[in-house]
Amino acid sequence: MNEEYDAIVLGTGLKECILSGMLSVSGKKVLHIDRNKYYGGESASITPLEELFQRYGLEPPGERFGRGRDWNVDLIPKFLMANGQLVKLLIHTGVTRYLEFKSIEGSYVYKGGKIAKVPVDQKEALASDLMGMFEKRRFRNFLIYVQDFREDDPKTWKDFDPTKANMQGLYDKFGLDKNTQDFTGHALALFRDDEYLNEPAVNTIRRIKLYSDSLARYGKSPYLYPMYGLGELPQGFARLSAIYGGTYMLDKPIDEIVLGEGGKVVGVRSGEEVAKCKQVYCDPSYVVEKVRKRGKVIRCICILDHPVASTKDGLSTQIIIPQKQVGRKSDIYVSLVSSTHQVAAKGWFVGMVSTTVETENPEVEIKPGLDLLEPIAQKFVTISDYLEPIDDGSQSQIFISESYDATTHFETTCLDVLNIFKRGTGETFDFSKIKHELGDEEQ
Amino acid sequence: MATVRIPKQKVILCGDYGVGKSSLFRRFTNNTFVTETDRKSTLGLDHIDREYDVGDKQIKLQLWDTGGMERVASVTSSYYKFAEGAILVFALDNAASFHSLSQHLLDIVTYAENAKIFICGNKSDLEGREPEVSDEEVEAFCEQCHSLISATYKTSCRSGAGVEEMFRDISRQLVHANRSKMELQALEQKSFKIDTACDPTINEEASSCSC
């Protein structure tokens, strides 16, 4: 440990592991430390099941849920958008070779106490029971507009400037009612609240395109999920970092981030040892005095022995409950994975309900989500602070990631990572620096 | 569309730091040896495929190196996933590296329970020195592990002795062990790897026809 590094990365959560991999690939000398004995930090998948019970202070479950080591339970539920940033990062870094994926079988939206399939193309729009007959036509026209829309070709904008006019304006142009706006904004564009309505429409158009392009890649739903759980993702990037010369240390407490002249970081101390460095990259838990709270997230892991009702017995599902449907300001996300993804023992399912906390009683807030999953054999509830750095790190050269938000996919995660990389290195990450001839590729 | 696919078998190297895993990997890759462990020469290398003929069958052995993660941390559990074979490597001149095999074995059976396990005593070129680990000890270890160990080998990465023979024999064993399993797998709904080959524009056209 007593050496000098270009960068020391603290914590092996997904964001830190992607950064570590990117830095190593760029030729930086990297030391990557975690205080825990395992990889993944907050984005780990916990195995065996006994470990999960222990984490929540519960008695071990015995034989009830089958073999404990067949379980890999994510602490933070998310899916990958098939055409999203994370998949691009995985492909460009070659980390995809360590992983195998399955498509999530269905994507649903909650309306009036029931769930319905999210309509994404014109055919589905016309068949959907989410809208009345005339509304379906209007929605279909809207989808055609989005599909034909090209940012670089104003002719496709049809007398509407989406870079200036807001999204509400575009909805009004097509005469979509509140209900349709609701599932479009929340289940297709995947916004967490309604602020997007007042922002330029082009943002929403991009997100709807991401959804439909993702769907076009592997069918069924736009979402992918890795075999053996999300914990495989940080591990894949950690391996990338190691392959490019990064040094790994687990189970190593961090006692101090040593600052030098002008409050600039010079090293990291663990006990008597000090590793020197020019930069530190870390998650908020390593620098409590340099982050502030920006709200809370509640997540509830649920063990079930059945699929969700009205999903055609899907072995994996995503359900979005738009805020307005349940009188809230932010959406509730429900997801389900199962033994088919090697994350549960045979016949079992892992459900997750998560949202941004709005009241003093968050467990009541997620009830509409839990009701969809009932009967639930076992619940594990976590309420965590959403933390963000107080500065951009340019002064101290300490670059801090934000906590993982309640969103159901990795788009914001990747944006944060690319942003931190740019702040730290002054460069936009150059995907072409990664050699493609590493090992081999799928033929 | 029907291209003949050669079955690919992932084989991982396990064992303490410094026993010669990367040297085995390098021998497998381009049949070379470097004396000082020069990490730079394996930098960026991940896994390597080589094809072997076993009777009338072909098999692609895909050998994975740890990337040095075991030096101060543990190897990620995902390293073990989907492995069909695991080679437990120790150095014949280092008894400690032999005694920690049980720990590595535990990791393998935990994270890659279907992998066939092999033991490799490396550094057989002792030039007159007595090995610190005797054949009897290796045998006793295998006995303790019941039938978990499929075979044991001795190699020297310095001279190259035994290395090629080992990989050849492992290929043979994997073909026999997997013959029926591979046929079964073909029936199951399988997960997939993502790559650039799946061009979204092609699918887009396809879906726009359906309206």
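1. The model is predicted. Helix α3 of chain A spans residues 85-93, and its axis comes within 8 Å of that of α12(A), crossing at roughly 55°. That angle makes α3(A) oblique to α12(A).

2. Helix α12(A), residues 411-425, also packs against helix α1(A), residues 14-25. The angle here is about 40° and the axes are 10 Å apart, which makes α1(A) oblique to α12(A). The crossing is right-handed. On the α1(A) side the contact is made by Leu14(A), Lys15(A), Ile18(A), Leu19(A) and Met22(A). On the α12(A) side it is made by Thr413(A), Asp416(A), Val417(A), Ile420(A) and Phe421(A). Seven of these residues are nonpolar, one is polar and two are charged.

3. Helix α1(A) has another partner in helix α9(A), residues 232-243; the two axes come within 8 Å and cross at roughly 20°. Angles under 35 degrees count as roughly parallel, and α1(A) and α9(A) are therefore roughly parallel to each other. The crossing of α1(A) with α9(A) is left-handed, whereas that of α1(A) with α12(A) is right-handed. From α1(A) the contact takes Leu14(A), Cys17(A), Ile18(A), Ser20(A), Gly21(A), Ser24(A) and Val25(A). From α9(A) it takes Leu233(A), Pro234(A), Phe237(A), Ala238(A), Leu240(A) and Ser241(A). The classes are nine nonpolar, four polar and no charged residues.

4. Chain A is divided into domain 1 (4-43 + 231-292 + 388-428), domain 2 (51-105 + 293-386) and domain 3 (120-218). Between domain 2 and domain 3 of chain A, the C-alpha centres lie 27 Å apart. Their contact involves 13 residues from domain 2 and eleven residues from domain 3. On the domain 2 side, four of the residues are nonpolar, six are polar and three are charged.

5. Two cis peptide bonds in chain A deserve a look. One runs from Thr47(A) to Pro48(A), with omega near -10°; Pro48(A) is in the loop between β3 (45-46) and α2 (49-55). Another joins Glu374(A) and Pro375(A), with omega about -5°. Pro375(A) sits in the loop between α11 (367-373) and β18 (378-389).

6. Where in chain A are Lys312(A) and Asp313(A)? Lys312(A) is in the loop between β14 (291-304) and β15 (317-321), and Asp313(A) is in the loop between β14 and β15 as well. Lys312(A) is not a glycine, yet its phi is positive, about 55°. Asp313(A), also a residue other than glycine, has a positive phi near 55°. Lys312(A) counts as exposed because it has 10 C-beta neighbours inside 10 Å. Asp313(A) has 11 such neighbours and so counts as exposed.

7. Chain B has six helices and six strands, in the order β-α-β-β-β-α-α-β-α-β-α-α along the sequence. Of its 211 residues, 36% are buried. Among contacts in chain B between residues at least 6 apart in sequence, 74% join residues at least 24 apart.

8. Is helix α1(B), residues 21-30, enclosed or open? Seven of its ten residues are buried, so α1(B) is largely enclosed by the rest of the structure. The buried residues are Lys21(B), Ser22(B), Ser23(B), Leu24(B), Arg26(B), Arg27(B) and Phe28(B). Just after α1(B), Asn31(B) takes a positive phi of about 55°.

9. Asp16(B) lies in the loop between β1 (8-14) and α1 of chain B. Asp16(B) counts as buried because it has 21 C-beta neighbours inside 10 Å. Apart from neighbours within four places in sequence, Asp16(B) is in contact with Ser97(B) and Ser100(B). Asp16(B) and Glu70(B) are 54 residues apart in sequence, with a C-alpha to C-alpha distance of 7.0 Å.

How values were computed. Residues are numbered from 1 along each chain as its sequence is written. Chains are lettered from A and ligands numbered from 1 in the order in which they are written. This is a predicted model: local features need pLDDT of at least 70, side-chain atom pairs count only at pLDDT 80 or more; totals for chains, interfaces and linings use all residues. Axes are lines fitted to C-alpha atoms, for helices over the stretch in contact, and angles run from 0 to 180 degrees between N-to-C directions. Helices (H or I, at least four residues) and strands (E, at least two) are DSSP runs, numbered from the N terminus. Angles under 35 degrees count as roughly parallel, over 145 as roughly antiparallel, 65 to 115 as roughly perpendicular and the rest as oblique. A crossing is left-handed if the near helix is turned anticlockwise from the far one by less than a right angle, and right-handed if clockwise. Two residues are in contact if their C-beta atoms, placed from the backbone, lie within 7 Å. Ala, Val, Leu, Ile, Met, Phe, Trp, Tyr, Cys and Pro count as nonpolar, Asp, Glu, Lys and Arg as charged, and the others, Gly among them, as polar. Domain bounds come from an automatic or database domain assignment. A residue is buried if 20 or more other C-beta atoms lie within 10 Å of its own, exposed if 12 or fewer, and partly exposed in between; C-beta atoms are placed from the backbone.
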